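This briefing concerns the helical architecture of one protein model. Please consult the sequence and the structure shown below while reading.

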Amino acid sequence: MKQKIRLVLRYFAALVLAVSILAPLLWMFLMSVSSAEDLTRIPLEWLPRHWDFSRYASLLTLQAGQPGALFLHALGNSLLVACGATVISLLLAIPAAYSFSRYPGRDGWLFGSLAIYMVPPVAFVLPLYFILEKLTLLNTHIGLILVYCSMILPFLTWMLKNQFDALPVDIEQASRLDGLCYWQVLLRITLPLAKPALGASAMFGWLLAWDEFFYALLFTNNINAQTLPVTIAGFTAGRATDDGLIAAVGILAAIPPLFIALWLQKTLVSGLTAGGSKG
(Lines give C-alpha, C1' and ligand atoms only; values in the text may rest on other atoms or scores of the structure.)
Protein backbone atom coordinates (compact mmCIF):
# COMPACT_ATOMS: atom_id res chain seq x y z
CA MET A 1 0.00 0.00 0.00
CA LYS A 2 2.79 2.40 0.88
CA GLN A 3 4.55 1.64 -2.40
CA LYS A 4 1.39 2.45 -4.37
CA ILE A 5 0.99 5.73 -2.51
CA ARG A 6 4.60 6.66 -3.22
CA LEU A 7 4.14 5.75 -6.88
CA VAL A 8 1.00 7.89 -7.13
CA LEU A 9 2.72 10.82 -5.43
CA ARG A 10 5.71 10.45 -7.72
CA TYR A 11 3.56 10.54 -10.86
CA PHE A 12 1.55 13.44 -9.44
CA ALA A 13 4.74 15.43 -8.80
CA ALA A 14 5.93 14.67 -12.34
CA LEU A 15 2.56 15.80 -13.71
CA VAL A 16 2.69 19.07 -11.75
CA LEU A 17 6.23 19.70 -13.01
CA ALA A 18 5.25 18.99 -16.60
CA VAL A 19 2.20 21.26 -16.41
CA SER A 20 4.23 24.09 -14.85
CA ILE A 21 6.70 23.88 -17.74
CA LEU A 22 4.35 23.24 -20.65
CA ALA A 23 1.43 25.49 -19.67
CA PRO A 24 3.29 28.80 -20.30
CA LEU A 25 4.56 27.46 -23.64
CA LEU A 26 1.04 26.41 -24.64
CA TRP A 27 -0.38 29.80 -23.71
CA MET A 28 2.39 31.56 -25.63
CA PHE A 29 1.60 29.46 -28.70
CA LEU A 30 -2.12 30.29 -28.42
CA MET A 31 -1.22 33.98 -28.21
CA SER A 32 0.94 33.70 -31.31
CA VAL A 33 -1.94 32.33 -33.42
CA SER A 34 -4.64 34.61 -32.01
CA SER A 35 -5.78 37.83 -33.63
CA ALA A 36 -5.56 41.16 -31.84
CA GLU A 37 -9.31 41.06 -31.28
CA ASP A 38 -9.09 37.64 -29.63
CA LEU A 39 -6.31 38.81 -27.32
CA THR A 40 -8.25 41.89 -26.19
CA ARG A 41 -11.70 40.33 -25.95
CA ILE A 42 -13.40 40.48 -22.53
CA PRO A 43 -14.06 37.95 -21.14
CA LEU A 44 -10.95 36.22 -22.42
CA GLU A 45 -11.41 33.09 -24.51
CA TRP A 46 -8.76 30.43 -24.18
CA LEU A 47 -8.96 29.25 -27.79
CA PRO A 48 -8.82 31.74 -30.68
CA ARG A 49 -11.83 32.00 -32.95
CA HIS A 50 -9.60 32.33 -36.01
CA TRP A 51 -6.19 30.63 -36.09
CA ASP A 52 -3.70 33.06 -37.60
CA PHE A 53 -0.22 31.79 -38.56
CA SER A 54 0.72 34.90 -40.52
CA ARG A 55 3.09 36.06 -37.77
CA TYR A 56 5.26 32.99 -38.24
CA ALA A 57 5.33 33.59 -41.98
CA SER A 58 6.44 37.19 -41.46
CA LEU A 59 9.17 36.10 -39.04
CA LEU A 60 10.58 33.47 -41.41
CA THR A 61 11.02 35.76 -44.41
CA LEU A 62 13.87 38.11 -45.25
CA GLN A 63 11.61 40.48 -47.16
CA ALA A 64 12.33 44.12 -46.42
CA GLY A 65 9.91 45.70 -44.00
CA GLN A 66 9.02 42.40 -42.37
CA PRO A 67 10.08 41.54 -38.78
CA GLY A 68 11.81 38.45 -40.11
CA ALA A 69 14.61 40.60 -41.51
CA LEU A 70 15.58 41.45 -37.93
CA PHE A 71 14.63 38.14 -36.34
CA LEU A 72 16.53 35.82 -38.68
CA HIS A 73 19.65 38.01 -38.60
CA ALA A 74 19.59 38.09 -34.80
CA LEU A 75 18.98 34.32 -34.72
CA GLY A 76 22.10 33.75 -36.82
CA ASN A 77 24.09 36.08 -34.56
CA SER A 78 22.98 34.20 -31.44
CA LEU A 79 23.81 30.81 -32.94
CA LEU A 80 27.25 31.98 -34.04
CA VAL A 81 28.12 33.66 -30.75
CA ALA A 82 26.73 30.91 -28.50
CA CYS A 83 28.38 28.07 -30.43
CA GLY A 84 31.69 29.91 -30.75
CA ALA A 85 31.85 30.83 -27.06
CA THR A 86 30.88 27.30 -26.00
CA VAL A 87 33.46 25.57 -28.20
CA ILE A 88 36.31 27.88 -27.16
CA SER A 89 35.37 27.69 -23.47
CA LEU A 90 35.11 23.90 -23.60
CA LEU A 91 38.50 23.54 -25.29
CA LEU A 92 40.10 25.71 -22.59
CA ALA A 93 38.13 24.23 -19.68
CA ILE A 94 39.09 20.60 -20.39
CA PRO A 95 42.86 20.95 -19.79
CA ALA A 96 42.28 23.45 -16.98
CA ALA A 97 39.86 21.16 -15.15
CA TYR A 98 42.13 18.16 -15.69
CA SER A 99 45.12 19.97 -14.21
CA PHE A 100 43.08 21.12 -11.21
CA SER A 101 41.86 17.57 -10.65
CA ARG A 102 45.10 15.63 -11.11
CA TYR A 103 47.64 18.06 -9.71
CA PRO A 104 46.78 19.23 -6.16
CA GLY A 105 47.83 22.59 -4.79
CA ARG A 106 46.17 24.68 -7.48
CA ASP A 107 42.78 25.12 -5.84
CA GLY A 108 43.53 28.79 -5.16
CA TRP A 109 43.38 29.55 -8.87
CA LEU A 110 40.11 27.66 -9.20
CA PHE A 111 38.42 29.39 -6.28
CA GLY A 112 39.76 32.72 -7.52
CA SER A 113 38.13 32.22 -10.91
CA LEU A 114 34.88 31.23 -9.23
CA ALA A 115 35.03 34.32 -7.02
CA ILE A 116 35.37 36.49 -10.11
CA TYR A 117 32.47 34.61 -11.70
CA MET A 118 30.24 35.50 -8.73
CA VAL A 119 30.89 39.24 -9.07
CA PRO A 120 27.86 41.05 -10.58
CA PRO A 121 28.31 41.59 -14.34
CA VAL A 122 27.76 45.34 -13.98
CA ALA A 123 31.14 45.58 -12.21
CA PHE A 124 32.93 44.51 -15.40
CA VAL A 125 31.05 46.72 -17.83
CA LEU A 126 33.51 49.63 -17.97
CA PRO A 127 36.74 47.54 -18.12
CA LEU A 128 35.30 45.26 -20.79
CA TYR A 129 33.94 48.20 -22.76
CA PHE A 130 37.31 49.99 -22.80
CA ILE A 131 39.14 46.78 -23.75
CA LEU A 132 36.76 46.05 -26.61
CA GLU A 133 36.95 49.66 -27.74
CA LYS A 134 40.76 49.60 -27.83
CA LEU A 135 40.69 46.35 -29.81
CA THR A 136 37.93 47.69 -32.13
CA LEU A 137 35.75 44.73 -31.17
CA LEU A 138 32.62 46.61 -30.14
CA ASN A 139 29.53 45.49 -32.03
CA THR A 140 31.32 42.40 -33.39
CA HIS A 141 30.78 38.68 -33.04
CA ILE A 142 34.34 38.13 -31.85
CA GLY A 143 33.97 40.70 -29.09
CA LEU A 144 30.83 39.05 -27.75
CA ILE A 145 32.43 35.60 -27.97
CA LEU A 146 35.41 36.74 -25.90
CA VAL A 147 33.13 38.34 -23.30
CA TYR A 148 30.99 35.23 -23.08
CA CYS A 149 34.09 33.03 -22.73
CA SER A 150 35.07 34.98 -19.63
CA MET A 151 31.62 34.19 -18.24
CA ILE A 152 31.34 30.53 -19.29
CA LEU A 153 34.91 29.30 -18.77
CA PRO A 154 34.96 29.30 -14.92
CA PHE A 155 31.59 27.55 -14.83
CA LEU A 156 32.66 24.79 -17.23
CA THR A 157 36.00 24.35 -15.48
CA TRP A 158 34.27 23.76 -12.16
CA MET A 159 31.80 21.27 -13.65
CA LEU A 160 34.47 19.26 -15.45
CA LYS A 161 36.83 19.31 -12.49
CA ASN A 162 34.22 17.62 -10.31
CA GLN A 163 33.66 14.99 -13.00
CA PHE A 164 37.38 14.30 -13.39
CA ASP A 165 37.64 13.88 -9.61
CA ALA A 166 35.08 11.06 -9.77
CA LEU A 167 36.95 9.12 -12.47
CA PRO A 168 39.31 6.29 -11.40
CA VAL A 169 42.96 7.27 -11.49
CA ASP A 170 44.15 3.67 -11.75
CA ILE A 171 43.19 3.46 -15.43
CA GLU A 172 45.22 6.57 -16.22
CA GLN A 173 48.22 5.26 -14.29
CA ALA A 174 48.06 1.96 -16.17
CA SER A 175 47.93 3.87 -19.46
CA ARG A 176 51.00 5.86 -18.42
CA LEU A 177 52.84 2.60 -17.77
CA ASP A 178 51.89 1.48 -21.28
CA GLY A 179 53.73 4.48 -22.70
CA LEU A 180 51.01 7.06 -23.22
CA CYS A 181 51.86 10.71 -22.54
CA TYR A 182 49.62 13.05 -20.56
CA TRP A 183 47.78 14.38 -23.61
CA GLN A 184 47.19 10.87 -24.95
CA VAL A 185 45.81 9.75 -21.58
CA LEU A 186 43.48 12.76 -21.53
CA LEU A 187 42.24 12.28 -25.09
CA ARG A 188 42.03 8.48 -25.24
CA ILE A 189 41.13 7.50 -21.67
CA THR A 190 39.76 10.37 -19.60
CA LEU A 191 37.57 12.20 -22.09
CA PRO A 192 35.67 9.09 -23.31
CA LEU A 193 34.88 8.25 -19.68
CA ALA A 194 33.82 11.86 -19.05
CA LYS A 195 31.58 12.05 -22.12
CA PRO A 196 28.36 12.60 -20.13
CA ALA A 197 29.96 15.51 -18.28
CA LEU A 198 31.19 17.01 -21.55
CA GLY A 199 27.68 16.90 -22.98
CA ALA A 200 26.12 18.43 -19.89
CA SER A 201 28.80 21.12 -19.68
CA ALA A 202 28.41 22.03 -23.33
CA MET A 203 24.65 22.27 -22.94
CA PHE A 204 24.77 24.52 -19.87
CA GLY A 205 27.50 26.69 -21.36
CA TRP A 206 25.57 27.09 -24.60
CA LEU A 207 22.42 28.05 -22.72
CA LEU A 208 24.31 30.66 -20.71
CA ALA A 209 25.51 32.30 -23.92
CA TRP A 210 22.16 31.90 -25.69
CA ASP A 211 20.14 33.61 -22.94
CA GLU A 212 22.66 36.37 -22.10
CA PHE A 213 21.14 39.83 -22.46
CA PHE A 214 23.09 42.37 -20.41
CA TYR A 215 26.45 42.34 -22.22
CA ALA A 216 24.81 41.95 -25.63
CA LEU A 217 22.71 45.04 -24.98
CA LEU A 218 25.68 47.18 -23.96
CA PHE A 219 28.31 45.98 -26.46
CA THR A 220 26.17 45.97 -29.61
CA ASN A 221 24.36 48.88 -31.20
CA ASN A 222 22.88 47.50 -34.44
CA ILE A 223 21.84 44.30 -36.13
CA ASN A 224 25.38 43.47 -37.28
CA ALA A 225 26.10 41.59 -34.04
CA GLN A 226 22.93 42.03 -32.00
CA THR A 227 21.74 38.77 -30.48
CA LEU A 228 18.23 37.40 -30.19
CA PRO A 229 17.43 38.47 -26.57
CA VAL A 230 18.20 42.10 -27.42
CA THR A 231 16.18 41.93 -30.63
CA ILE A 232 13.20 40.41 -28.80
CA ALA A 233 13.34 43.29 -26.32
CA GLY A 234 13.32 45.65 -29.29
CA PHE A 235 10.03 44.19 -30.50
CA THR A 236 8.39 45.39 -27.28
CA ALA A 237 9.49 48.99 -27.87
CA GLY A 238 7.12 51.45 -29.42
CA ARG A 239 3.64 52.67 -28.77
CA ALA A 240 1.80 49.81 -30.51
CA THR A 241 3.03 46.40 -29.40
CA ASP A 242 1.86 43.21 -31.10
CA ASP A 243 1.72 40.72 -28.24
CA GLY A 244 1.04 37.88 -30.63
CA LEU A 245 4.18 38.68 -32.62
CA ILE A 246 6.28 38.70 -29.44
CA ALA A 247 4.78 35.32 -28.48
CA ALA A 248 5.64 33.94 -31.93
CA VAL A 249 9.21 35.20 -31.55
CA GLY A 250 9.41 33.45 -28.18
CA ILE A 251 8.21 30.15 -29.67
CA LEU A 252 10.72 30.29 -32.53
CA ALA A 253 13.53 31.32 -30.18
CA ALA A 254 12.86 28.23 -28.04
CA ILE A 255 13.34 25.81 -30.96
CA PRO A 256 17.19 25.90 -31.18
CA PRO A 257 17.69 25.16 -27.44
CA LEU A 258 15.17 22.34 -27.77
CA PHE A 259 17.10 20.73 -30.63
CA ILE A 260 20.41 21.25 -28.80
CA ALA A 261 18.98 19.56 -25.69
CA LEU A 262 17.65 16.60 -27.71
CA TRP A 263 20.94 16.19 -29.56
CA LEU A 264 23.03 16.36 -26.39
CA GLN A 265 20.62 14.01 -24.64
CA LYS A 266 21.62 11.31 -27.10
CA THR A 267 25.26 12.17 -26.45
CA LEU A 268 24.71 11.84 -22.71
CA VAL A 269 23.10 8.41 -23.06
CA SER A 270 25.82 7.11 -25.38
CA GLY A 271 28.47 8.50 -23.08
CA LEU A 272 26.98 6.76 -20.07
CA THR A 273 26.88 3.39 -21.83
CA ALA A 274 30.39 3.81 -23.25
CA GLY A 275 31.77 4.84 -19.88
CA GLY A 276 30.15 1.85 -18.21
CA SER A 277 31.61 -0.62 -20.71
CA LYS A 278 35.10 0.87 -20.59
CA GLY A 279 35.20 1.09 -16.82
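A kink of about 35 degrees lies at I152 in α7, shortly before the proline P154; the bend at a residue is the angle between axes fitted to the seven residues ending there and the seven starting there. This is a predicted model, in which local features need pLDDT of at least 70 and side-chain atom pairs count only at pLDDT 80 or more, while totals for chains, interfaces and linings use all residues. Residues are numbered from 1 along each chain as its sequence is written, and side-chain values use heavy atoms, with hydrogens and water left out.

**Overall architecture**

- The protein has 14 helices and zero strands, where helices (H or I, at least four residues) and strands (E, at least two) are DSSP runs numbered from the N terminus.
- Along the principal axes, the C-alpha atoms of the protein fill a box of roughly 75 × 70 × 30 Å.

**Helix α7**

- Helix α7 comprises 26 residues, 141–166.
- From first C-alpha to last, α7 reaches 36 Å, close to the 38 Å expected at 1.5 Å a residue (1.5 Å times one less than the number of residues).

**Packing of α9 and α10**

- Helix α9 (residues 182–193) packs against helix α10 (residues 195–211) at an angle of about 70 degrees, with their axes 4 Å apart; axes are lines fitted to C-alpha atoms over the stretch in contact, and angles run from 0 to 180 degrees between N-to-C directions.
- Helix α9 is therefore roughly perpendicular to α10 (65 to 115 degrees).
- L191, P192 and L193 of α9 meet K195, P196 and L198 of α10, contact meaning heavy atoms within 4.5 Å.

Methods:
Angles under 35 degrees count as roughly parallel, over 145 as roughly antiparallel, 65 to 115 as roughly perpendicular and the rest as oblique.
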